[in-house]
Amino acid sequence: MIARASQLFLPTLRDAPADAEAVSHKLLVRGGFIRQVSAGLWTFLPLGWRVHRKIEQIVREEMDAIGAQEMLAPVLTPAELWQRTERFDAPEVFKLEDRSGRPFVLPLSHEETLTFHAAELQSYRQLPQSWYHFQTKDRDEPRPKAGLLRVREFIMKDSYSFDRDEAGLDVSYRRHGEAYARIFARCGLEFYRVQAESGLMGGSESEDFLAPAGAGENVLVTCVNGDYAADMDAASGVPRPPEFPPPLAAPQEVETPGVTTIEALAEFLGIDPAATSKAMPVVTSDGTLVLALVRGDDRLSEDKLMGELESDFRPATDEEIRAAFGASGGSLGPVGFKGRVIADETLREGQFVAGANRDGWHLRGVQAGRDYEPEFADIRATKEDDACPRCGGRLHVQTAIELGHIFKLGTRYSVPLGATFLDEDGRQKPLVMGSYGIGPGRVMAAVVEQHHDEHGIAWPASVAPYDAHVVALPGAEEIALRAAEALSAAGKDVLLDDRDLRAGEKFADADLIGCPVRVTAGRKSLEDGKVDVRERATGAETRLDVADLGKEP
RNA sequence: CGGGACGUAGCUCAGCCUGGUCAGAGCGUCGCCUUUGGGUGGCGAAGGCCGGUGGUUCGAAUCCACCCGUCCCGACCA
C-alpha cells in the first residue's frame, strides 16, 4: 500500500505548541499524529490513528491467543447499573439524561455492562469466560495533562474474566498478565510489572504495568540488578545507616535558635542528618491528631501513612499544633506528646535528635521505647540510592507511565448485579471476576517517550504508521515511485513523499514522523538508479538497487 | 477543589507597565520567479470581533470587574 504525502492530511509543525511539556505531547502534535479539541480531548489524525490501530491489533492478537472473545458494548449506559454497584456518585463519572429524563452514564470502564451480560451465564460448564472490547471511556478528570497521558476520553481495551472460583480467577489473571507482557514487549517498550496500590478497594490483588518515561504519573522504583521493581507508593527501599553520635543516658536539651529545618539542624549540631528525626502532626478524618515520625533525611510516604492510619488525613494547622505541643512546627518531637505516635521502622534502633516541643530547642539522644512509646511502621518514602530489599543493590527512581492494569475483582460486581451461576454442587454462586485494561493511546505516548531523539520519533517497526518513508527529491520522482511500488509489492506500507518541497524539509519531516526506514531517491539516483536506505533509529545508510528493496528487513 | 501563569494571524510570539500611527514580526499559507541530497533566495498577496461581557475614559489590545478557556504545581485518580 502506498500513501501519497501530497494527498494526506499530515499537518506537521516546525514548533511545538507553547503549552506542551511532555516529549510525547510535543512530538505527536508536531508530527501531525494528534490534535487537541479541548482539555483532555484529542483527535487522532490519519497517522496517529494508524499507530493506534497497530497497537490495537497487537493487543487483539494477544487477547485472542489466550482465548478471550472480542465483542462491543455501548458507551451510553443506563445509570441504574451504576447505582446498583454504587459507582454512580463517583465525581469523575459523566452523567446525562435522555429527553424523558432517564439518567445515563458515560462509563469510565465497563464492569457493570459486561457483568450485566455475564448474568446470562448459567452453569459452571460455561466457565471460564473472558470477554473484551475496545471502547471509548469517559472520565471527568479534574486535571487532564501531558497530551495523551491523562485525558477525559480515550479508547481502552478492557477485558473481564468470569470464573467459578478463586483458583479459576488465578488462572485467568495469570494468563492476562502474560498476555500483557507480550503486548508491551511487541510494542518495543521497556516496562515493569509492579504491585499496584489497591487503595481503599483493599484486599484484592492488582498489578500495574509501568513504562519508564520522561513524563508520567507514576513513580517507578527499580533495582539496578534487575530483581526488584515497585511503585513508589509501595516500594520498600532500605536507607543507609546513620552515623550516630555517642549515645546519651537520657535526652539532653540543646538550644537551637532559629533552626527549623533538618539541614540547618544537622549543620548546627555537626551531625549526620540521618541521625535526626522529623515530626509531622496530622489530623485523621475523625479529628484525631497523630504524630508521624520519620528520619530527618527521609520523606513521609503519604500513601503508606494513609494505609497505616486506615484513614485519610491532613496536616495539622498551626493552631492545632500549638494546642497539642505548646510549640510551633520546626521544634516538634515525640517526647512528652500525649497521643498516638507512628514512627518509621528506621527509628527503632539508635538515638536521634528530635524537636523538644519548645521553640528554639531540640533534644539529643532521643531513643524510641525509652523516651517515648511509638507504634512502628514503614511510613518513609523510598528514595534514589536506597538499597534494594532483595539484593542490596542500588535503587533507581524514575517517572513512569501506567500502560495497563490487571485486577482481581472477586465478586465486587457480580453480587450487586446478580451475576450468578449454578455450580457442580447444585448451588447458586456469584461469578468470580477479574478486570484488565490497556490504553492504546497511553501505549502510543509511552513508545514515543522511549523512542525519540532531538529530530523526532523513531517508531519500532511493530507500531510505526508506515513501514517505509520514500522521499522523492526533484527529478527523481519516477525512481521514487518505482521504489515505493517495489516496497509495496513486498508487503510494506509506504508513505511516498511526493510533495513539492525542499529536500531539507522532507528529511526533517521524515525524521519527525519517524518511520523505521527512509528511502531517498534524488539526483544521485538519476546517475546509477540506486536509492539510499536509511534506518531511522541508527542513522545507518546503504545504497541499494530499487530491485532489491523489500528483500531486506 | 487550593496555588500560579497565560489567552493578540494556522503556529511561535512582540505590543499592555506609561491608554491616542498598535493591528505587528518570524514561520506557515497562496501566486510568480529562482532551484532542489538537511527547513533555499527574491518579489507580491491573503489572513486577526487583540477570549467574552460589562465598566472607566473624549478615546481601550492596553486600566478595572466579572465570566469563559487553556496550561503548570498540588489534591484527586477505576
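Biologist: E86 is found in the loop between α3 and β6. How do you know whether E86 is buried or exposed?

Modeller: A residue is buried under 20% relative accessible area, exposed over 50% and partly exposed in between, using a 1.4 Å probe and protein chains only. E86 has a relative accessible area of 72%, so E86 is exposed. As for provenance, this is a predicted model, in which local features need pLDDT of at least 70, side-chain atom pairs count only at pLDDT 80 or more, and totals for chains, interfaces and linings use all residues. Residues are numbered from 1 along each chain as its sequence is written, chains are lettered from A and ligands numbered from 1 in the order in which they are written, and side-chain values use heavy atoms, with hydrogens and water left out.

Biologist: What is the phi of E86?

Modeller: The phi of E86 is positive, about 60°, although E86 is not a glycine. Most residues other than glycine have a negative phi. A146 is another non-glycine residue with a positive phi, near 55°, and is found in the loop between β8 and β9.

Biologist: What makes A146 count as buried, exposed or partly exposed?

Modeller: Its relative accessibility is 22%, so A146 counts as partly exposed.

Biologist: Why is helix α1 called enclosed?

Modeller: Helices are DSSP runs of H or I with at least four residues, strands are runs of E with at least two, and both are numbered from the N terminus. Helix α1 covers residues 23–30, and six of its eight residues are buried, so α1 is largely enclosed by the rest of the structure. The buried residues are S24, H25, L27, L28, V29 and R30. They pack against β2, β3 (41–44), α9 (440–450), β26 (452–453), β27 (456–457) and α11, where contact means heavy atoms within 4.5 Å.

Biologist: What makes helix α4 enclosed as well?

Modeller: In helix α4 (residues 111–118), six of the eight residues are buried, so α4 is largely enclosed by the rest of the structure. Those residues are E111, E112, T113, L114, T115 and A118. Their packing partners include α3 (79–84), β8 (129–138) and β9 (153–163).

Biologist: Which peptide bond is cis, and what is its omega?

Modeller: The peptide bond from L127 to P128 is cis, with omega near 0°. P128 lies in the loop between α4 and β8. Most peptide bonds are trans.

Biologist: How do you know that β5 and β7 pair?

Modeller: Two strands pair if DSSP finds at least two bridges between them. β5 and β7 (residues 103–106) have two bridges, in the antiparallel sense. One bridge partner is V105 in β7, for T77. Three strands form an open sheet in the order β5-β7-β6, with antiparallel pairing. β5 (77–78) and β6 (94–97) are the edge strands, and each pairs on one side only.

Biologist: How do you know whether D497 is buried or exposed?

Modeller: D497, in strand β29 (residues 494–497), has a relative accessible area of 0%, so D497 is buried. Leaving out residues up to four places away in sequence, D497 touches A5, H469, V470, V471, A472 and K506.

Biologist: Which base atom of RNA strand B is 2.6 Å from the side chain of D532?

Modeller: A base nitrogen of RNA strand B is 2.6 Å from an N or O atom in the side chain of D532. A polar contact is a pair of N or O atoms within 3.5 Å; within protein, one must be able to donate a hydrogen and the other to accept it, and residues adjacent in sequence count only if both atoms are side-chain atoms. At 2.7 Å, a side-chain N or O atom of S38 faces a phosphate oxygen of RNA strand B. A backbone N or O atom of E505 lies 3.4 Å from a sugar or linking oxygen of RNA strand B.
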